[in-house]
Structures are given as C-alpha cells and as structure tokens.
Amino acid sequence: MPASHTPIDYDAFLRAHVLSQPHSVMRYDQEGETLWVKRAGALNPRWRYRVLAALARVFKMPVLSPVPNPGGRVAVATEVRRLRDFSARGLRAPQVLATNEDGFVMRHLGAAGQATPSLGNELQEAIPRGANAVLALWKQGLQAIAKVHKAGTTLSQAFARNLVRCPDGVIGYIDFEDDPTAHLPLPVCQVRDALCYVHSTAWILEQAHAMPEARKHWQAWVQTLQPEAREVLQQSIARMAWAGRLPTDRKLGRDGQRIRMAFELLRADV
C-alpha cells in the first residue's frame with residue numbers, strides 16, 4: 001500500500017516560513033503538494049500615485065487613474081480577500097490555506113511539483129509556430145478576462161503574465177495586491193483590464209503576423225462589453241490618437257514600441 005501523508009498544518013507551516021524565508025514569495029513542495037508562501041513586502045511610496053493622477057487629469061483618461069497599493073500588511077489582506085472572492089465566484093484562483101498579519105500560504109495552481117506557465121510566456125514561445133498558434137492562446141486570454149467581467153468583478157493588473165494556464169487548459173488568475181473597484185467605477189476597471197491585456201500582448205501579435213486577424217476578434221470582443229464600459233473604452237482610444245504617430249521601430253525603446261502596437265490593435269474600434 002502507498003505510504004499515507006500526514007495532513008499539513010497550514011497555519012503552523014505559515015508561521016514557520018513567512019518571516020524566515022529569504023524572498024517575499026517562495027514555493028515549497030511539501031507532502032505531495034506545492035505551496036506558495038507570500039510575505040508582506042515593503043510599503044510603497046505615495047508620490048508615484050500623484051504622478052499617475054496628474055496624467056489621468058491631463059489626458060482626461062479615467063483608466064489612467066491610480067489604484068493605490070500601499071504594500072505591507074494591507075496588500076496581504078487585500079490579496080487574501082480578493083483571492084477568496086474570485087474562488088467564491090467560480091473563477092480559477094489559488095486557494096488560500098492559511099493567513100496571518102505577515103503573509104499567507106496558498107496552493108499552487110496546477111499539478112504538484114510542476115510549473116504552471118504564464119500566458120505571456122506561452123504566447124512568446126508560440127511565435128515560431130505561427131499566427132494561428134498565437135491567436136488561439138491570445139483569444140483564450142481575452143475570453144478569460146470576459147469571464148471575470150461576466151462574474152461582476154475585475155482583475156487587478158490584467159497583464160498576460162498574471163494569467164496562467166493550468167494543466168487542464170483553464171486560465172487561472174494571480175496577483176491581487178490592489179483592488180481597483182474600491183477606487184474606480186466598475187466599467188473603468190474593466191476597461192483597464194482590456195488595455196492592460198492589449199498592452200502586454202499586441203507586440204507578440206505583431207511579431208507573429210497575427211495583427212489583422214486579431215483586430216477582427218478584438219472588434220467582436222468589444223461588442224460584448226456593457227454599454228458603459230464600451231463608452232469608456234472608445235473615449236480612451238480616441239484620446240490615445242497620439243500613439244499612432246509613434247515610430248514602429250525601437251527609436252523610443254521597447255515601451256514606446258509596445259504602446260504603438262497596442263494602438264494598432266485598439267484603433268480597429270475607433
């Protein structure tokens with residue numbers, strides 16, 4: 001008969017590791033399962049939020065409004081609450097197993113001992129396989145964001161790196177240290193999700209020569225948004241017209257190139 005494993009005392013496990021581990025987030029393979037312990041990090045400076053708020057006012061783009069993340073224990077409490085909320089809504093997110101003031105322990109998304117790649121990494125690795133391979137993954141990410149919105153909530157930072165593909169093919173969601181809905185209207189938060197995803201993936205679509213087909217899917221996806229969110233998105237894209245004048249090469253660096261590629265995808269809806 002196979003040896004039985006002693007059930008893990010997750011509270012004790014958390015107390016034993018949260019303050020002594022050398023990094024703020026660490027993975028542990030323990031008793032046939034994979035756990036992650038996340039410790040409260042340093043406090044975040046407030047000045048950077050003032051800069052973002054000023055930009056939002058100048059460009060008249062609510063989607064640029066900052067979502068405060070003070071860091072420390074507040075960020076831990078926010079992430080625990082949001083992870084549990086996602087699970088309660090039937091959305092795939094890591095299961096929180098134990099918490100205290102200094103951090104929490106969560107179960108790995110996917111099979112124990114195996115990596116669960118981010119959608120961002122999978123998209124990049126799919127480039128050599130061509131446009132169709134990249135498009136299939138990209139559309140799955142877009143559908144995963146739509147699922148979150150249909151459930152009546154929003155992500156924190158909907159970059160492709162914060163979407164992970166589990167072994168069963170389902171997209172899971174990670175990284176919830178802030179809560180946009182506590183500071184901004186839901187339609188604005190949902191548009192932020194869309195723009196974050198586009199910004200992190202449009203350059204990959206371009207490299208895979210998948211942009212023309214992606215525009216068609218983007219237009220169809222936009223039509224599924226609620227009218228309020230669609231209006232916010234259209235206003236935001238119109239105020240980003242300056243991005244269409246950016247060079248397509250790297251004269252302004254990779255960030256400038258990514259903004260230009262994002263606008264190339266977004267402009268299909270203007």
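Q: What share of the contacts in the chain with a separation of 6 or more is accounted for by residues 24 or more positions apart?
A: This is a predicted model, in which local features need pLDDT of at least 70, side-chain atom pairs count only at pLDDT 80 or more, and totals for chains, interfaces and linings use all residues. Residues are numbered from 1 along each chain as its sequence is written, and side-chain values use heavy atoms, without hydrogens and water. A contact means heavy atoms within 4.5 Å. Among contacts with a separation of 6 or more, the share from residues 24 or more positions apart is 67%.

Q: Is glutamate 79 buried or exposed?
A: Glutamate 79 lies in helix H3, residues 72-88 (helices, H or I, are DSSP runs of at least four residues and strands, E, of at least two, numbered from the N terminus). Buried means under 20% relative accessible area, exposed over 50%, and partly exposed in between, with a 1.4 Å probe and protein chains only. Because its relative accessibility is 3%, glutamate 79 counts as buried.

Q: Which residue of strand E4 is the bridge partner of asparagine 100?
A: Strand E3 (residues 96-100) pairs with E4 in the antiparallel sense over four bridges; pairing requires that DSSP find at least two bridges between two strands. A hairpin of two residues joins E3 to E4. The bridge partner of asparagine 100 in E4 is glycine 103.
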